[in-house]
Amino acid sequence: MTRPAPGGPVLPPMEVALRLDRLRARLDGAGCDALLVTSTTNIGYLTGFTGSAGLLWVDADRCVLVTDGRYRDQAPQEVASAGVDVEVQIAGADQRAVLTPLVQRGTRLGLEAGSATWADQRRFADWFSDADLVATAGLVEGLREIKDEGELARMEAAASIADSALAEVWPMLETRPTEQEVASALDEAMRRRGASDRAFETIVAGGPNSARPHARPGSRPMTHGDLVVCDMGAIVDGYRSDMTRSTRIGGTGTGREAEMLTVVLEAQVAGMAAVADGVPAAVVDATCRDVLTSAGLGDAFPHGTGHGVGLDIHEGPAVYGSATATLRSGQVVTVEPGVYIAGVGGVRWEDTVVVTDGGCRRLTRSPSTV
Ligand code: ZN
Ligand code: ZN
């Protein structure tokens, strides 16, 4: 979890070693003595281990990572370089033999309800027949919402790669490429700049396709007057960025498309201005929505205003109308209002921002111009 992007900036370390004790402090409140972590993303967050298979036992005293022979060298190395006090056990198919002795009669063992499958739950009920299994939700995900400086540096590096890739590819739009050609060029440009991958399937949607918020790039060439939505992000050392830019092929003009581009940008700027520590997420959503509603476009905005970003592209806190969360310094969220009108097209503007005490700081910095 501490590798820099090849050729990229040297990234400051993350505070991985502090995370286990923060989790331990939450166990009793969740009604558990121990937590069996099944989400590989959460295991990576807590220990630095980046393998795709494993189970992590965390109780007040011990932390045991059980994985298989493929990770015999990698797991101890990653855990050591993260500076985390974890016992690594290579068990292959015999995870049960390692884990069951950790349970005492009556141990309240938390499972991650969002990641343990029904089959997992039945298997663990069999393995840990002496324990009381407790469903938990968001114990590690809640910790992940507040990013440390090392995490922010990775997300900023990912955002910067996406900015630079978009600047390189943007002029291509005037050559009337297909959506797929633009999406491929963006993906390639991000990888060339050191992204380990794209943060999600890049969306390039032109003309009728732009009226779909989650369009997949197709083979239709762009034509004069098309609205185009490009939604993209990069991954650096596991951390993601998320950004959307919109335009009209052939220039903004003065018609309906120009109004959509302008008003949605106003909504997005207002939404970002509303973000600050202590502000309810629902207020940010309402701020964007009010601008669009005043312009008669409220009904054309069918999704929430934003979401948290980090190791996952969608994580907490969610920013939508009935959200109950209050924004906190160190959280990273998107602000991404959009309007979509069948027969006309769609527009979305999106930036990834860090919540600060007095406002927010943008991580994605590509210009938003109409
Ligand atoms: Zn996006
Ligand atoms: Zn997004």
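Me: Which residues does Val140 touch, not counting residues up to four places away in sequence?

Reply: The model is a predicted one. In it, Val140 touches Leu23, Leu35, Asn42, Tyr45, Leu46 and Glu112. Val140 itself lies in helix α6.

Me: Why is Val140 called buried?

Reply: A residue is called buried when its relative accessible area is under 20%. Val140 has a relative accessibility of 0%, and therefore it counts as buried.

Me: What makes the pair Phe49 and Tyr71 edge-to-face?

Reply: Two values are needed, because a pair of aromatic rings is described by the distance of the centres and the angle of the planes. For Phe49 and Tyr71 the centres are 5.2 Å apart, and the limit for a pair is 6.5 Å. The planes are at 85 degrees, and an angle over 60 counts as edge-to-face; therefore the name applies. Phe49 is in the loop between α2 (40-47) and β2 (55-59), whereas Tyr71 is in the loop between β3 (63-67) and α3 (74-82).

Me: How do you know whether Phe49 and Tyr71 are buried or exposed?

Reply: Phe49 has a relative accessible area of 2%, and Tyr71 has a relative accessibility of 9%. Both values are under 20%, so both residues are buried.

Me: Why is the pair Trp127 and Phe128 given the name edge-to-face?

Reply: The ring centres of Trp127 and Phe128 are 5.9 Å apart, which is within 6.5 Å, so the rings pair. Their planes are at 70 degrees, which is over 60, so the pair is edge-to-face. Trp127 and Phe128 are buried, and together with Trp57 and Phe124 they form one aromatic cluster.

Me: What makes the charged end of Arg19 count as sitting over the ring of Tyr45?

Reply: The charged end of Arg19 is 4.0 Å from the ring centre of Tyr45. The distance limit is 6 Å, and the direction must also be within 35 degrees of the ring normal. Arg19 is recorded as sitting over the ring of Tyr45. Arg289 likewise lies over the face of Phe301, at 4.0 Å from the ring centre.

Me: How do you know that β2 pairs with β1 and with β3?

Reply: Two strands pair if there are at least two bridges between them. β1 and β2 have four bridges, so they pair, and the sense is antiparallel. β2 and β3 also have four bridges, so they too pair in the antiparallel sense. Leu35 has Val58 in β2 as its bridge partner, and Leu55 has Val66 in β3. A hairpin of three residues joins β2 to β3.

Me: Why is β2 described as mostly covered?

Reply: Five of the five residues of β2 are buried, and buried means under 20% relative accessible area; therefore the description holds. Leu55, Trp57 and Asp59 point one way from the strand, while Leu56 and Val58 point the other way.

Me: Which residues touch the most other members of the largest nonpolar core?

Reply: They are Leu23, Leu46, Leu56, Leu65 and Val86, in a core of 37 residues. Elements that give two or more residues to this core include α1 (16-27), β1 (34-37), α6 (139-144) and α7. The most comes from α1, with four residues.

Definitions and conventions: Residues numbered from 1 in each chain as written. Chains lettered and ligands numbered in written order. Predicted model: local features only at pLDDT ≥ 70, side-chain atom pairs only at ≥ 80, totals over all residues. Heavy atoms only, no water. Phe/Tyr/Trp six-rings, centres within 6.5 Å; stacked < 30°, edge-to-face > 60°. Buried < 20%, exposed > 50% of the residue type's maximum accessible area, 1.4 Å probe, protein only. Core = buried A, V, L, I, M, F, W, Y, C linked by side-chain atoms within 4.5 Å. Contact = heavy atoms within 4.5 Å.
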